[in-house]
Amino acid sequence: MPALRIDVATPSRAYAVTIASGLLDGIGASLDALALPARRFVVSSPLVWRLHGSRIAKALGTREPILVPDGERYKQLSTVVRIYDALLRANADRASALVTFGGGVIGDMAGFAAATYLRGIALVQVPTTLLAQVDASIGGKVGVNHAVGKNLIGAFYQPHAVLIDPSVLGTLPRREFRAGLYEVIKYGITSSRALFDRVARDRKAIFAREPEALAAVIGESCRIKAEVVASDEREAGPRRILNFGHTAGHAIEAATKYRRFRHGEAVAYGMLVAARLAAARGALSEDDCQAIAGLVASLGPLPPIGDISAAQILDAMRHDKKVLAGRLHFVLATAIGATAIADDVTERELTSALTAIGLGR
Ligand SMILES: NC(=O)c1ccc[n+]([C@@H]2O[C@H](COP(=O)([O-])OP(=O)(O)OC[C@H]3O[C@@H](n4cnc5c(N)ncnc54)[C@H](O)[C@@H]3O)[C@@H](O)[C@H]2O)c1
Ligand SMILES: [Zn+2]
């Protein structure tokens with residue numbers, strides 16, 4: 001299977017996303033071809049390293065990886081400091097490259113370390129979860145959480161390369177895999193009916209982690225993310241369409257203290273809310289709304305939501321840093337593959353969409 005290559009042309013850096021099953025085993029040569037510094041430091045988590053580290057270690061000739069924990073609760077500055085400490089101990093200099101090898105938590109934290117260590121060293125993202133492969137590794141958002149909220153400390157720092165090997169997804173727990181798949185569906189709804197239809201059609205092959213089926217949906221997702229990021233590096237406008245399903249999704253995560261749902265699962269509910277709301281306004285056809293609900297349901301059950309009230313979600317939305325100047329900027333689907341931004345969504349409409357998808361009043 002030939003490698004897929006997607007160019008990401010942002011104002012601050014142009015780089016490529018390469019997707020190929022088995023790419024991990026030739027990663028040293030790939031980095032050489034990109035003329036990346038020969039001193040390469042890998043940051044990973046104990047679990048990811050145990051599962052897949054030997055492949056990357058062999059291909060890079062890495063002696064010791066920098067291992068840090070990757071739970072969301074470790075995504076904080078003190079963990080980034082551990083990465084700085086390890087880099088300093090190894091005398092990493094400007095002519096060094098940092099390779100992240102893990103899910104979105106490792107990518108965001110180690111990416112932030114690369115952005116700030118000696119004011120920035122070369123960064124290569126090698127994402128190992130589906131969510132990180134289709135979303136977190138591309139676009140240059142790096143950072144950590146603060147006790148006050150998620151992702152409050154960070155930077156825009158584009159990587160020098162993103163290298164995606166779908167074969168590592170074979171070990172990903174099914175729930176994590178599904179959580180990433182909801183983000184794939186998101187790209188379909190915002191930007192590509194063909195991607196949406198492909199997920200519906202190839203669902204079995206995708207769940208079986210067949211390399212070709214995976215590479216196709218990952219590639220199309222990355223293409224969409226790359227295009228949006230290139231047109232709006234710092235999220236001033238167009239990049240906001242990628243927040244489809246995220247306004248309600250973030251509120252659902254926050255209202256349940258980030259414990260009940262994986263991010264993608266909360267986004268799945270958020271997409272159902274956004275679709276229902278658009279259909280109620282007549283902005284989205286009832287057929288497309290049903291198709292969205294049908295595809296989400298076909299991926300498997302979501303954690304229950306009936307004990308949460310619409311009022312709790314509205315309350316959480318009021319505290320969202322992305323809610324601009326007190327006005328809710330809501331991304332609505334107008335068809336499968338097209339969106340519009342609405343800034344006149346009322347609490348009443350939201351309440352009725354939330355209750356329609358199963359929340360309490
Ligand atoms: N920077 C961005 O643009 C962006 C976008 C979306 C999400 N994010 C961030 O990404 C994070 C979530 O990322 P995530 O969903 O990848 O979670 P994660 O990094 O916590 O990984 C989930 C779990 O999967 C394990 N894992 C990773 N790869 C594996 C593999 N191949 N096989 C088996 N297990 C594996 C990890 O050890 C972890 O336990 C959040 O912190 C979120 O804020 C960032
Ligand atoms: Zn998301």
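Leu195, Arg198 and Val199 of helix α7 meet Ala216, Val217, Glu220 and Ser221 of helix α9. Contact here requires C-beta atoms, placed from the backbone, to lie within 7 Å of each other. By class, this contact has four nonpolar, one polar and two charged residues. Ala, Val, Leu, Ile, Met, Phe, Trp, Tyr, Cys and Pro count as nonpolar, Asp, Glu, Lys and Arg as charged, and the others, Gly among them, as polar. The model is predicted: local features need pLDDT of at least 70, side-chain atom pairs count only at pLDDT 80 or more, and totals for chains, interfaces and linings use all residues. Residues are numbered from 1 along each chain as its sequence is written, while chains are lettered from A and ligands numbered from 1 in the order in which they are written.

Helix α7 spans residues 193-201 and helix α9 spans residues 211-231. Helices (H or I, at least four residues) and strands (E, at least two) are DSSP runs, numbered from the N terminus. The axes of α7 and α9 come within 10 Å and cross at roughly 155 degrees. Axes are lines fitted to C-alpha atoms, for helices over the stretch in contact, and angles run from 0 to 180 degrees between N-to-C directions. The two helices α7 and α9 are therefore roughly antiparallel. Angles under 35 degrees count as roughly parallel, over 145 as roughly antiparallel, 65 to 115 as roughly perpendicular and the rest as oblique. The crossing of α7 past α9 is left-handed. A crossing is left-handed if the near helix is turned anticlockwise from the far one by less than a right angle, and right-handed if clockwise.

Arginine 209 lies in the loop between α8 (203-207) and α9. Its phi is positive, near 60 degrees, in a residue other than glycine. Arginine 209 has 18 C-beta neighbours inside 10 Å and so counts as partly exposed. A residue is buried if 20 or more other C-beta atoms lie within 10 Å of its own, exposed if 12 or fewer, and partly exposed in between, with C-beta atoms placed from the backbone. Leucine 118 also has a positive phi, of about 50 degrees, although it is not a glycine. Most residues other than glycine have a negative phi. Leucine 118 sits in the loop between α4 (104-116) and β6. With 13 C-beta neighbours inside 10 Å, leucine 118 counts as partly exposed.

Helix α4 also packs against helix α3 (residues 77-89). The angle between α3 and α4 is about 55 degrees, and their axes are 9 Å apart. The pair α3 and α4 is therefore oblique. The crossing of α3 past α4 is right-handed. From α3, the contact takes Thr79, Val80, Ile83 and Tyr84; from α4, it takes Met109, Ala110, Phe112 and Ala113. Seven of these residues are nonpolar, one is polar and none is charged.

Threonine 128 is buried, with 29 other C-beta atoms within 10 Å. Its contacts are Val48, His52, Phe101, Gly102, Gly103 and Val168, not counting residues up to four places away in sequence. Threonine 128 and glycine 102 are 26 residues apart along the chain, yet their C-alpha atoms are separated by 4.9 Å.

The domain assignment gives domain 1 (4-172) and domain 2 (231-356). These bounds come from an automatic or database domain assignment. The domain centres, taken over C-alpha atoms, are 30 Å apart. Seven residues of domain 1 and five residues of domain 2 make the contact. On the domain 1 side, three are nonpolar, three polar and one charged.

Helix α10 (residues 246-255) and helix α11 (residues 263-281) have axes that come within 7 Å and cross at roughly 130 degrees. That makes α10 oblique to α11. The crossing of α10 past α11 is right-handed. The α10 side comprises His246, Thr247, Ala248, Gly249, Ile252 and Glu253, and the α11 side His263, Ala266, Val267, Tyr269, Gly270, Val273 and Ala274. By class, the contact of α10 with α11 has seven nonpolar, five polar and one charged residues. Val273 is also touched by alanine 353, along with Arg276, Leu277 and Ala280, not counting residues up to four places away in sequence. Alanine 353 lies in helix α14 (residues 347-356). With 23 C-beta neighbours inside 10 Å, alanine 353 counts as buried.

Notes: Two residues are in contact if their C-beta atoms, placed from the backbone, lie within 7 Å.
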